[in-house]
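Subject: Structure for you to look at

Hello,

Here is the structure I promised to send. Please open it next to this email and follow along.

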Amino acid sequence: MLAPMRDATDAALAELEREIGAPGGGLDRLRLVSAPYVPEVRLHLAEDAIVWWARMEALAGHALPAPYWASVWAGGQALARHLLDHPELVAGRRVLDLAAGSGLVAIAAALAGAEQVIANDIDPYAVAAVTVNARVNRVTVTAVGGDLLDSTGDDTDLLVAGDVLYDREMADRVLPFLARAAAGGTEVLVGDPGRGFLPPGWLVAVDSYPVPTTEPSVDSALRRVQVLRPA
């Protein structure tokens, strides 16, 4: 499994680098912007992720994973803001960013002084996006692919997960992984914008943030996002 994942990530990285270097603009292009609630971090994001996705699938001639990494999500923004505002949480520690997407939270951890940051995602394009985004922010983040959710998660000091509880199926897989990590002594922090899949009682809020809305079809300009830890 490792070789095919590595090959897919290498191909995705080459493709993203071509996209970043391509002239012109428009809704179907990537652009380098500051994260709205975390302006310390710049990311290569899609002007319109759906339009970009459609163009890339047309070019590839087959289906591609949904480009979650090409947008900045509320849970990740709140969690990244929390780490930058509380650098003592990460300073000198080993950090794992689960389902890292664009790498926003991982990059924030590196900027806040983490000794080691690993960003994990199952999408080769997300792994590639973490690589290019860490590079532009001049931090060291190790981007790794593959599914970690059947592991113990106990080989890190701080596990961060932004906006990972977005549907029931994902929550049913992620929550046991977080519980195993916490039971093994890993500190766990979750950024959640209230999508309705939090278990009652297990996670408690340590802070909340009014994050600017970047998602389509959301009425409010701000979304209240909690940063939580196991009780």
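Which handedness does the β-α-β unit of strand 4, helix 5 and strand 5 have? That unit is right-handed. Helix 5 covers residues 124-136. One caution before the rest: this is a predicted model.

Strands first. Strand 4 spans residues 116-121. Strand 5 spans residues 142-145. The two pair in the parallel sense, over four bridges. Look for Asp-121, which stands opposite Gly-145 in strand 5.

Strand 4 also pairs with strand 3, residues 94-98. These two strands run parallel, and four bridges join them.

Now the helices. Helix 4 (residues 104-111) packs with helix 3 (residues 74-85). Their axes are 9 Å apart, at an angle of about 5 degrees. Angles under 35 degrees count as roughly parallel, so helix 3 is roughly parallel to helix 4.

Which residues of helix 3 meet helix 4? They are Gly-76, Gln-77, Leu-79, Ala-80, Leu-83 and Leu-84. On the helix 4 side, the contact is made by Leu-104, Val-105, Ala-108, Ala-109 and Leu-111. Sorted by class, this contact has nine nonpolar residues and two polar ones. It has no charged residues.

Best wishes

Technical notes: Residues numbered from 1 in each chain as written. Predicted model: local features only at pLDDT ≥ 70, side-chain atom pairs only at ≥ 80, totals over all residues. Heavy atoms only, no water. Axes fitted to C-alpha atoms, helices over the stretch in contact; angles between N-to-C directions. Parallel < 35°, antiparallel > 145°, perpendicular 65-115°, else oblique. Contact = heavy atoms within 4.5 Å. Nonpolar A, V, L, I, M, F, W, Y, C, P; charged D, E, K, R; others polar. Pairing = 2+ DSSP bridges. Right-handed = clockwise from strand over helix to strand, strands pointing away.
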